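Visitor: I am new to this structure. Please guide me through the surroundings of its ligand and one of its pockets.

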Amino acid sequence: MAAMTMLAERLRAVLGPSGVIADPAAMAPYLEEQRGLFHGRAALVARPASTAETAAVVALCAEHGVAIVPQGGNTGLVGGGVPFEHGGEIVLSMGRMIRVRAIDPANFTITVEAGCVLANVRAAADEAGCLFPLSLAAEGSCQIGGNLSTNAGGVAVLRWGNARDLVLGLEVVLPDGRVWNGLKGLRKDNTGYDLKHLFVGAEGTLGVITAAVLKLFPRPRDIETALVGVADLDHVLALFARARAASGDALGAFELIPRIGLELAVAHVPGCHDPFAGPHAHYVLIEATAPREALENLLSQAIEDGLAVDAVIADSLERRRALWRLREAVPEAQKREGASIKHDVSVPVSMVPEFLRRATKAIEAALPGVRVVAFGHVGDGNIHFNLTQPVGAEPKAFLARWEEMNRIVHDIVAGMGGSFSAEHGVGRLKKGELVHYGDPVGLDLMRRVKAALDPQGIMNPGKVL
Ligand SMILES: Cc1cc2nc3c(=O)[nH]c(=O)nc-3n(C[C@H](O)[C@H](O)[C@H](O)COP(=O)(O)OP(=O)(O)OC[C@H]3O[C@@H](n4cnc5c(N)ncnc54)[C@H](O)[C@@H]3O)c2cc1C
């Protein structure tokens, strides 16, 4: 206790009074993750405003042997960014490190501090006439440091890749307080190990990302969006291959919505309307940065060949937003329909139809009446395989079967060479799954990397590994 009081005093001396929060009410938002699954305690919240201050905080914690939980926008849903219940850790919030350090339109790069909110990075790129393509529903509050630490994907992975593909350089405070300056804006640099990729997806267990050089792109001239009704899952796959080719590999998104997802969205979420005259078994939302004519030709040919049943192409920004609303409303609609058990998994794209058939059959056999709402980034092989409780079921009893449902779905995923965590990371929620499904040699390597960089074990301990 005395040691913690001393640490708090030393942190105040470094960060000033506004850089340390110790008041329980003011700390509360930093201690709970938004789904309410994890609620921790902390000795204090440190809020550095610069890399030097971050390094000083980490060095002091290392000296005092106090564990650190890095936190960005706290939108992660797996408990990675909130402290444990014992209260002996500090939260290191990056929310004051919000400077755009540089934009180089000729190099197509932007250098930002880790606490920059994703939407602000996108806006800064836009102001410079460029595109920063990382985009996801939490972009109004998640931070670039958190996006990189969880290797976020979002709705544009197909065209531009996930966070890992969008980073050229990093600045990181290591667990001993040293600063690694890897802030290079190079597309070619073959000088040994690519250290930045150790920190991407590490969920704050290897160091604190303080800044990043990110890739920018020219703003696309044409963006066309269509919703396509499809009768058969195999046709979804065939349509995907065709759409990639027909658009000159310029698909921005290829998202699956099942009939039940659309029905729930229309029933529960204001502003959602079924644009078709009749129902279809599956819907695919296609976005392409290609001329409209290319999309029109693709879809009319697909209908002619029986791969698609019907299609609508958005003819205005409003219509485009309305089509996206249908896709984005699915999780919200599911919430209003009762309890959900969620799986955020990936398999090779070619196996998506087979995965959906097998997993649906197995789940429906294990839990009669359950409603499978499987939707998402099918073009990335990433499906939100969500289960909505049977009509009239007791939510608590349904949720009690979470682990059992996980095992059924994740076993099928593992058998197909897939991943039980395609988004969000591992955090605390999926640690057991990593031990269960992780390759033993791979896990051993991860533990060795962790021990080499963080021998004291103070950087977000108990998360991931
Ligand atoms: C509504 C919603 C929609 C989403 N949609 C998608 C989606 O489509 N695709 C997708 O991939 N993900 C999606 N996500 C997950 C999203 O990618 C993550 O929540 C987000 O990237 C985390 O950013 P954050 O700043 O909130 O980090 P936090 O939640 O604060 O932290 C997440 C992890 O990163 C660590 N961390 C945070 N900042 C740093 C730092 N500077 N240095 C080191 N470690 C750090 C934390 O310790 C923690 O382990 C969604 C989340 C929500 C809530």
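Guide: This is a predicted model, in which local features need pLDDT of at least 70, side-chain atom pairs count only at pLDDT 80 or more, and totals for chains, interfaces and linings use all residues. Residues are numbered from 1 along each chain as its sequence is written, and side-chain values use heavy atoms, with hydrogens and water left out.

Visitor: Which residue has a polar backbone atom 2.6 Å from an oxygen atom of the ligand?

Guide: A polar contact here is a pair of N or O atoms within 3.5 Å. A backbone N or O atom of Gly 72 lies 2.8 Å from a ligand oxygen, and for Gly 76 the corresponding distance is 2.7 Å. The residue with the distance of 2.6 Å is Pro 70.

Visitor: What percentage of the area that the ligand exposes when taken alone does the protein bury?

Guide: Accessible areas come from the Shrake-Rupley method with a 1.4 Å probe. Taken alone, the ligand exposes 970 Å². The share of this that the protein buries is 91%.

Visitor: What is the volume of the second largest pocket?

Guide: On a 1 Å grid over the protein atoms alone, a pocket is an open set of points where a 1.4 Å probe fits, with protein on both sides within 12 Å along at least five of seven lines. The volume is the space filled by probe spheres set on the points. For the second largest pocket, the volume is about 900 Å³.

Visitor: Which element gives the most to the lining of the second largest pocket?

Guide: Lining residues have an atom within 4 Å of a point, and this pocket has 44 of them, with Arg 164, Gly 201, Glu 203, Gly 425 and Val 426 closest to its centre. At least two lining residues come from each of α7 (196-199), α15 (431-437) and α16 (440-453). With 6 residues, the element that gives the most is α16.

Terms used. A polar contact is a pair of N or O atoms within 3.5 Å; within protein, one must be able to donate a hydrogen and the other to accept it, and residues adjacent in sequence count only if both atoms are side-chain atoms. Helices (H or I, at least four residues) and strands (E, at least two) are DSSP runs, numbered from the N terminus.
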